[in-house]
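Dear colleague,

Please find the structure below, handed over for your own work.

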Amino acid sequence: MTGDAPVIEVRDLAKTYPTGFWRRRVEVLRDVSFSVRRNEIVGFLGPNGAGKTTTIKILNRLAFPDGGTVRLFGAADGYRPEVRRRIGFMPEQPYFYEYLTGEEFLRLCGRLCGMGRQETGERSETLLSRVGLEGAGRMAIRKYSKGMMQRLGLAQALLHDPELIILDEPMSGLDPLGRMDVRNLIRELRGSGKTVFFSSHIISDVEALCDRVILLHRGRKVAEGSLEELLGGGDMQCVEVTFSPIPDPGWLADAGLPPGRWNVEGNVVIVVAQDEEEADRWIGEFRRAGSRVRSCVPVKRRLEDIYVEHVVGGKPPGGARG
Amino acid sequence: MGSRLLSIAANTFRETIRNKILYTILAFALLVIGLTWFLADLSVGELTRIIVDVGLAGIHVFGVIMAVFLGITLIHQELERKTVYVILSKPVPRWEFVVGKALGLSGTLALVTSVMSVVLFGVHAAYAKAIEPGILLASAGVYMELVLIVCAASFFSAFTTPVLSATFTLCLFLIGHVSRDLVDFGGRSAWSAVRWGAFALYGALPDLELFNWKNQVVYGEVRSFSVLLLPAGYLLAYGGGVLFLACLLFSRKDFK
């Protein structure tokens, strides 16, 4: 691999699948291009059916593209065993040989990756403990819960100490503590110089972890960039001011409140001001009407807004009240 | 390469040897072999031949059931449960996966066939108070046929559904036992095109009768291990060819 070559480089990826009796081809990916640089955490975001898993399968040679190129570690033939040895992969909702124990399964994975018996044993022990399966290594996989299966999936992906870790929906099936564990593990991996590429449709996980985000929708890339780039540097989008008690209904009707940007919820009035000046003005007006400010929250653009804009085609939440 | 291949084979062996259905079929087979003792008692004349005849037929039939059943589930189960995703994302070429699976199942069938043939050998020896090594030779022939069936099942599993794979494999098994007749029938034709066509078809289809010398064993005509040489060569060439095609198909398969 050349020094600065991206770890993953995908150009104009296209994929169709035949479906139905007549084998009509359905387009799953079209002109998808992106790259992942060394030591980044990149989130692959998109709704169900966006093409995330298909792209990940292509990266892992489980499916073949109809068009475009995939370069892994700069190698045009990313399917070569020496390249595969540098990659760890966990599929979505992983399932393993249920007749094996966790340890036996990791031993098998170690042998397939060309690891020695002792090395595999040591790494297995460390990883089982790291992913929270301490003591479960000798239990038959058929007795594992969904969450334990997910954790074993992570252990097998990391067993051979790969440089690039590709995870398909790593947080699905995990309880909140499990999700936190995985988030911490991903951060640790980046800290130790690894590159992590993971897909998710849980926006908060992507927002909390990723250096960069690639948003896929209906088989096309609709957005890509760092969180800062996508969120416009974290600029304030609006100010949400909450007042109580609710002024006289007649006052509310005559005050000239901005249409569509205010709302009465329970015993409070919420006004969404476009900027700080407008917020100041409404604070003054409501004070004069006998109301007090209960909260004043600057609303910044969130990844969820970007997601909604591209995927649903709707307006981001925060500006649609009243 | 060798280590990965053997790891997959060993894992497949472990998978199939822990399969409860395998033991059910094996129990039936051993029951049939055991019953030959009583069958011989009920027969008139040629008592020990009945044991060998029925016993070897039992080994053959139950062996084929095991080979077809395990052969078609071998790859399909991996695809259905998506365990193949984890294995093939590792530095494992797809052909190693296919060959490793077939090798592992062949190992299981070797063990199971050995158990059945040793039991039959024992039943015969106890009844006839004589040793018949032909039983072991005929069982070796059955085993080679089973390995070829595993290769065929792997081939069909690479591109079609389990039900169709089982149907195709069973059809090939049946055709394989009469394919030799094609050459005889073709030879009677006045047209050389028909003769050559029949011969080409015979070459494309397996000749499973090559592995069958059960009748000779029944009449005590098979005594030498040299009888295994030609079938072993045929198995290597034909089985290897079928497995090669299976690898070829599997290497371009998209996992949805």
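This is a predicted model: local features need pLDDT of at least 70, side-chain atom pairs count only at pLDDT 80 or more; totals for chains, interfaces and linings use all residues.

Residues are numbered from 1 along each chain as its sequence is written, and chains are lettered from A and ligands numbered from 1 in the order in which they are written.

Chain A

Chain A holds 11 helices and 13 strands; helices (H or I, at least four residues) and strands (E, at least two) are DSSP runs, numbered from the N terminus. Its radius of gyration is 25 Å, well over the 20 Å that the globule rule gives for 322 residues, so chain A is more spread out than a compact globule. The radius is taken over C-alpha atoms, and the rule is 2.2 Å times the number of residues to the power 0.38. Along the principal axes, the C-alpha atoms of chain A fill a box of roughly 80 × 45 × 45 Å.

Buried residues account for 39% of the 322 residues in chain A. A residue is buried if 20 or more other C-beta atoms lie within 10 Å of its own, exposed if 12 or fewer, and partly exposed in between, with C-beta atoms placed from the backbone. A:Lys146, which is found in helix α5 (residues 146–158) of chain A, counts as partly exposed because it has 13 C-beta neighbours inside 10 Å. A:Lys146 and A:Tyr95 are 51 residues apart in sequence, yet their C-alpha atoms are 9.1 Å apart in space.

Chain B

Chain B has 11 helices and 0 strands. The radius of gyration of chain B is 20 Å, close to the 18 Å that the globule rule gives for 256 residues, so this chain is as compact as a globular protein of that length. Its C-alpha atoms fill a box of roughly 60 × 55 × 30 Å, taken along the principal axes. Of the 256 residues in chain B, 46% are buried.

Contact between the chains

The contact takes 22 residues from chain B and 24 residues from chain A, two residues being in contact if their C-beta atoms, placed from the backbone, lie within 7 Å. On the side of chain B that touches chain A, the elements giving two or more residues are α1 (2–17) and α4 (83–88) of chain B. The largest share of that side, 6 residues, comes from α1(B). By class, the residues of that side divide into 7 nonpolar, 5 polar and 10 charged. Here Ala, Val, Leu, Ile, Met, Phe, Trp, Tyr, Cys and Pro count as nonpolar, Asp, Glu, Lys and Arg as charged, and the others, Gly among them, as polar.

Helix packing in chain B

The axes of helix α6 (residues 134–157) and helix α11 (residues 229–251) of chain B come within 8 Å and cross at roughly 15°. That makes α6(B) roughly parallel to α11(B). Among the residues making the contact are B:Gly141 and B:Met144 of α6(B) and B:Pro231 and B:Ala232 of α11(B). This contact has 14 nonpolar, 3 polar and no charged residues.

The axes of helix α2 (residues 20–42) and helix α3 (residues 47–80) of chain B also come within 8 Å, and cross at roughly 170°. α2(B) and α3(B) are therefore roughly antiparallel to each other. The residues of their contact divide into 20 nonpolar, 4 polar and no charged. Axes are lines fitted to C-alpha atoms, for helices over the stretch in contact, and angles run from 0 to 180 degrees between N-to-C directions. Angles under 35 degrees count as roughly parallel, over 145 as roughly antiparallel, 65 to 115 as roughly perpendicular and the rest as oblique.

With kind regards
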